Every structure is written in structure tokens, then in C-alpha cells.
Amino acid sequence: MRPQHIPRLVEQGTYDLGVCGQDSILESDAKVSILKHLYYSRRTLGGVQVVLIGAENDTTLTPDQVPPGSAILSEYPEWTKRFFKKLRIPVTVEFSYGGTEAHIPGDYRYGVCVTETGSSITANGLKIIGKLSDSNTVLIANQDLQLDKKKSEAIHIVRLLLSGAQDARDQVLLVMNVPTGEKETILKRVPALKEPTVSSLAHGKGYSISSVISRQKLNEVIPDLLKHGAQDLLELPISKVIRGW
């Protein structure tokens with residue numbers, strides 16, 4: 001199913017829940033509840049931006065400088081009309097079927113499109129005049145669904161699982177062996193969600209210590225732990241981090 005259909009189908013109750021981009025909600029103007037922001041997209045680990053673009057040498061510097069009567073090619077025609085109506089700038093908006101950059105500025109002076117990195121805009125000799133909105137993936141629900149107590153637990157479980165997968169993206173599990181005499185030193189230096197897990201090795205020859213650690217800290221943490229006695233260190237991926245009900 002294309003994401004553009006999802007907000008309206010959730011709004012009318014055809015489906016209880018849906019996952020789509022905020023840009024699809026903006027365009028459809030659907031009345032839905034956003035339950036969770038999920039910060040990932042096709043190519044990046046963040047969101048996207050809906051932007052107004054023009055030729056690199058265009059004199060327009062901000063969206064409110066767009067001359068009245070301008071023609072705008074937009075991937076979000078309804079939302080673009082509402083945006084410029086708030087600015088009190090009358091414009092003509094045409095629907096773009098994709099490849100908006102290829103029509104600017106030859107066919108249309110301005111375009112409205114979605115971008116993740118801005119690289120295709122620059123590659124086409126264009127510039128971003130202004131960001132109209134941020135957009136990321138969201139979990140949405142029918143607004144009346146919150147009144148249905150029978151479904152509330154199922155909704156909570158879906159939100160937990162999606163959140164757990166997102167939170168695990170930035171975490172890894174470190175497992176290491178530690179000689180008996182270095183145990184306290186390592187415990188003071190190893191980060192953890194709460195506290196590291198410690199278990200004795202067979203024959204009393206030391207300890208196994210495991211801890212969930214931020215992926216961003218790995219390059220600092222691993223050398224430090226090895227310097228202070230950690231041995232046989234393993235870095236393991238985590239598929240979900242769920243902290244509680």
C-alpha cells in the first residue's frame with residue numbers, strides 16, 4: 001500500500017493503525033492520532049524534509065518572497081496550497097508525479113519536493129529556498145480507537161515493539177572476561193543501562209561481565225576496558241531494547 005493512502009484509511013476506520021510519513025498526513029489533512037515517532041527513512045537514520053526549491057541563481061531567498069501568481073510544481077499540492085494561503089500569497093499549484101527537479105526552472109520557477117540529503121537538488125543545479133516542514137515515519141491510530149479498551153493493550157504492544165527496535169539501533173551488548181583482581185575497576189568504567197551483569201567463570205578464574213552500551217561510545221569504551229584488564233571482549237548486536245511495560 002502506498003503511504004499516501006494510509007492516513008485517510010486510518011482516519012475513516014478501515015484500519016486501526018498505520019505506519020506512514022508525516023508528509024502523507026500533511027497532504028491528506030487526515031485527522032489521526034500520532035502514537036510514536038519512528039526516526040528512520042529509506043536511506044538515512046533520520047527523517048526527511050519537504051522543501052521549496054528553485055534555480056541556484058534565483059533571487060528568491062525565502063518562501064514568503066515568492067511573487068504572487070507564481071506557478072509551483074508540487075509533490076504535495078493540497079498542502080502547498082494551504083501553506084501559501086497562510087502566507088497570503090496567491091499561487092498556482094500543479095501536481096508533480098515525481099522527478100520535480102527535472103522541471104525546475106525550465107517548466108516551473110519553483111517546486112516543492114521531499115529530500116533526505118539534498119544531494120539530488122544540488123546535482124540538478126538547484127537550491128533549497130526554504131524548508132516547509134520536517135517529516136519522519138510515524139505510527140498513527142484512528143482517533144476513536146483510544147476509547148476502545150479491548151484494543152488498548154494490543155496498541156500498547158505494537159508501540160512497545162516498534163520503539164524497542166528503534167532504541168536497539170543505537171545499542172550493542174558487550175561481553176568480556178575479567179580477572180578477579182580487575183573486577184571492581186572494570187565495573188567502575190563500563191557504562192550500562194542500569195548496572196552490568198556479572199557472573200563467575202568456571203573454576204573461579206574470574207568473571208564474565210556483560211553490559212548494554214551506546215554504539216556511539218564504543219570506540220572510547222573498548223580500548224579503555226582492555227587497558228584496565230578486560231579480555232576476550234565480544235560485541236553483539238541487539239534487536240530490541242524494551243525497558244518495561
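Okay, let's start at a helix end: Asp148 caps the N-terminal end of H5, with a side-chain oxygen 3.1 Å from the backbone nitrogen of Lys150. That counts as a polar contact, meaning a pair of N or O atoms within 3.5 Å; within protein, one must be able to donate a hydrogen and the other to accept it, and residues adjacent in sequence count only if both atoms are side-chain atoms.

Quick housekeeping. This is a predicted model, where local features need pLDDT of at least 70 and side-chain atom pairs count only at pLDDT 80 or more, while totals for chains, interfaces and linings use all residues. Residues are numbered from 1 along each chain as its sequence is written, and side-chain values use heavy atoms, with hydrogens and water left out. When I say helix (H or I, at least four residues) or strand (E, at least two), I mean a DSSP run, numbered from the N terminus.

Back to H5, residues 149-168. Its 20 residues should span 28 Å at 1.5 Å a residue, and the end C-alpha atoms are 29 Å apart, which agrees. The expected span here is 1.5 Å times one less than the number of residues. Among the buried residues of H5 are Ile155, Leu160 and Ala168; buried is under 20% relative accessible area, exposed is over 50%, and partly exposed is in between, using a 1.4 Å probe and protein chains only. The cover over the buried residues of H5 includes S1 (17-21), S2 (32-38) and S9, where contact means heavy atoms within 4.5 Å.

S9 takes us to a sheet. Four strands make an open sheet in the order S10-S11-S9-S12, with antiparallel pairing. Its edge strands are S10 (197-200) and S12, each pairing on one side only. To pair, two strands need at least two DSSP bridges between them. Neighbouring strands in this sheet are turned by 20° against each other on average, direction ignored. For angles, axes are lines fitted to C-alpha atoms, for helices over the stretch in contact, and the angles run from 0 to 180 degrees between N-to-C directions.

Let's walk across it. S10 and S11 pair over four bridges, and Thr197 has Ser210 as its bridge partner in S11. Their hairpin has six residues between the strands, and there His203 has a positive phi near 65°. S11 itself has six of its eight residues buried, so it is largely enclosed by the rest of the structure. Next, S9 and S11 pair over eight bridges, including Val172 with Ile213. Then five bridges join S9 to S12, and Val175 stands opposite Leu234 in S12.

So what packs on this sheet? H7 does, touching S9, S11 and S12, and its direction makes about 5° with that of S9. In H7 (residues 218-227), Leu218, Val221 and Leu225 are buried. They sit on the same side of H7, because they cover an arc of only 70° around the axis; the arc is that of the directions from the helix axis to the C-beta atoms. On the other side, Asn219, Glu220 and Lys227 are exposed. After H7 comes Gly229, with a positive phi near 110°.

One more sheet before I stop. Five strands form an open sheet in the order S5-S4-S6-S3-S7, and here the pairing is mixed. S5 (92-95) and S7 (126-135) are at the edges with a single partner strand each, so one side of each has no neighbour in the sheet. S3 (residues 48-55) and S7 run antiparallel, joined by eight bridges, and Gly54 has Lys127 as its bridge partner in S7.
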